[in-house]
Amino acid sequence: MQALLPELDGWRPRLAQLAAQAVADQGPDGAHDLNHFERVWRNAQALLAHHDQADPLVVLAACYLHDLVNVPKDDPRRSIASRLSAELASERLAALGFPADKLAAVAHAIEAHSFSAAIPATTLEARIVQDADRLDGLGAVGLARMFYIAGRMGSALAHGSDPLALDRPLDDKSYSLDHIDAKLARLPGMMQTEAGRRLAAQRLAILTDFRSAFAAEWTGIPHVAA
């Protein structure tokens, strides 16, 4: 990665500009803005430090362009959003003179990053991008993004009397807090890299501690078990 730093520095502002333009075109979304892309790239750099054989330019491009087409989570087109992003990214990158021999790798990393699409990540670069994006759904920032997205979708904070879903099925479309157990708690076990699994486990602990504290305040019963 060290040898490619000048190339990365040259491409990063151009990729950020593409991402920023997409955000401007699609309207404000605090969970999928330029700050999100920057965080995903920082996560990816932490993972790249353990994988010298990965192509950092492919990872960089996919991190910034993975949500080039941002479809709301409750939209019926959600499962194809990553494919649409990959197609648009390939077109925009080609117009910028991005290395042609890397376009397919970038497109695959973008397509495979999506949880909804369920496309297997078959390259190291795609596995790194997938982990980097999912890490941003965990921890303190992930918690804030979870409630932000739930608010945009009109979900309640939590079930009125059973916030931990002890006696009911999980329903994260109706109750935001349910999303921690319904999806986010599964992410550490789905990580593609060892470094990703370690970081995900650390960040999940923040969510599970919050969930327990939230339920105690919500119900008025102290020390509710998670």
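In which helix is Leu 8 found? Leu 8 is found in helix H1 of this predicted model, and the close-up views below begin with that residue.

**Figure 1. Leu 8 of helix H1 and its separation from Val 58.** Leu 8 belongs to helix H1. With a relative accessibility of 4%, the residue Leu 8 counts as buried. Val 58 lies 50 residues away from Leu 8 along the chain, and the C-alpha atoms of the two are separated by 9.8 Å.

**Figure 2. The salt bridge between Glu 38 and Arg 12.** The structure holds nine salt bridges. In one of them, the side chains of Glu 38 and Arg 12 meet, with an N to O distance of 2.6 Å. This pair links distant parts of the chain: Glu 38 is in helix H2 (residues 34-48) and Arg 12 in helix H1 (residues 5-26), 26 residues apart. Arg 12 has a relative accessibility of 32% and counts as partly exposed, because the value falls between the limits of 20% for buried and 50% for exposed.

**Figure 3. Two salt bridges within single helices.** In helix H4 (residues 81-96), Glu 87 and Arg 83 are four residues apart, so about one helical turn separates them. These two residues form a salt bridge in which the closest N and O atoms are 3.3 Å apart. Both ends are partly exposed: Glu 87 has a relative accessible area of 43%, and Arg 83 has a relative accessibility of 36%. In helix H10 (residues 194-219), Glu 194 and Arg 198 are likewise four residues apart, about one turn of the helix. Their side chains meet in a salt bridge at 4.0 Å, N to O. Glu 194 is partly exposed at 43% relative accessible area, and Arg 198 is partly exposed at 40%.

**Figure 4. Arg 145 and its surroundings.** Arg 145 lies in helix H7 and is buried, with a relative accessible area of 11%. Neighbours within four places in sequence are left aside in this view; beyond them, Arg 145 is in contact with Ala 31, His 32, His 36, Arg 39, Asp 136 and Gly 137.

**Figure 5. The packing of helices H2 and H3.** H2 and helix H3 (residues 56-65) pack with their axes 8 Å apart, at an angle of about 155 degrees. H2 is therefore roughly antiparallel to H3, and the crossing of the two is right-handed. On the H2 side, the contact is made by Leu 34, Phe 37, Glu 38, Val 40, Trp 41, Ala 44 and Leu 48, and on the H3 side by Pro 56, Val 59, Leu 60, Cys 63 and Tyr 64. By class, the contact of H2 with H3 comprises eleven nonpolar residues, no polar residues and one charged residue.

**Figure 6. The packing of helices H3 and H6.** The axes of H3 and H6 are 9 Å apart, and the helices pack at an angle of about 40 degrees. This angle makes H3 oblique to H6. The crossing of H3 and H6 is right-handed. The residues of the contact of H3 with H6 divide into six nonpolar, no polar and one charged.

**Figure 7. The packing of helices H5 and H6.** Helix H5 (residues 103-112) and helix H6 (residues 124-135) pack at about 40 degrees, with an axis separation of 8 Å. H5 passes H6 in a right-handed crossing. H5 contributes His 108, Ala 109 and Ala 112 to the contact, and H6 contributes Glu 125, Ala 126, Val 129 and Gln 130. In the contact of H5 with H6, four residues are nonpolar, two are polar and one is charged.

**Figure 8. The backbone at Ala 165.** Ala 165 is found in the loop between helix H7 (139-153) and helix H8 (178-182). Most residues other than glycine have a negative phi. Ala 165, although not a glycine, has a positive phi of about 55 degrees. The residue Ala 165 is buried, with a relative accessible area of 15%.

Conventions: Residues numbered from 1 in each chain as written. Predicted model: local features only at pLDDT ≥ 70, side-chain atom pairs only at ≥ 80, totals over all residues. Heavy atoms only, no water. Buried < 20%, exposed > 50% of the residue type's maximum accessible area, 1.4 Å probe, protein only. Axes fitted to C-alpha atoms, helices over the stretch in contact; angles between N-to-C directions. Left-handed = near helix turned anticlockwise from the far one by under 90°. Contact = heavy atoms within 4.5 Å. Nonpolar A, V, L, I, M, F, W, Y, C, P; charged D, E, K, R; others polar. Parallel < 35°, antiparallel > 145°, perpendicular 65-115°, else oblique.
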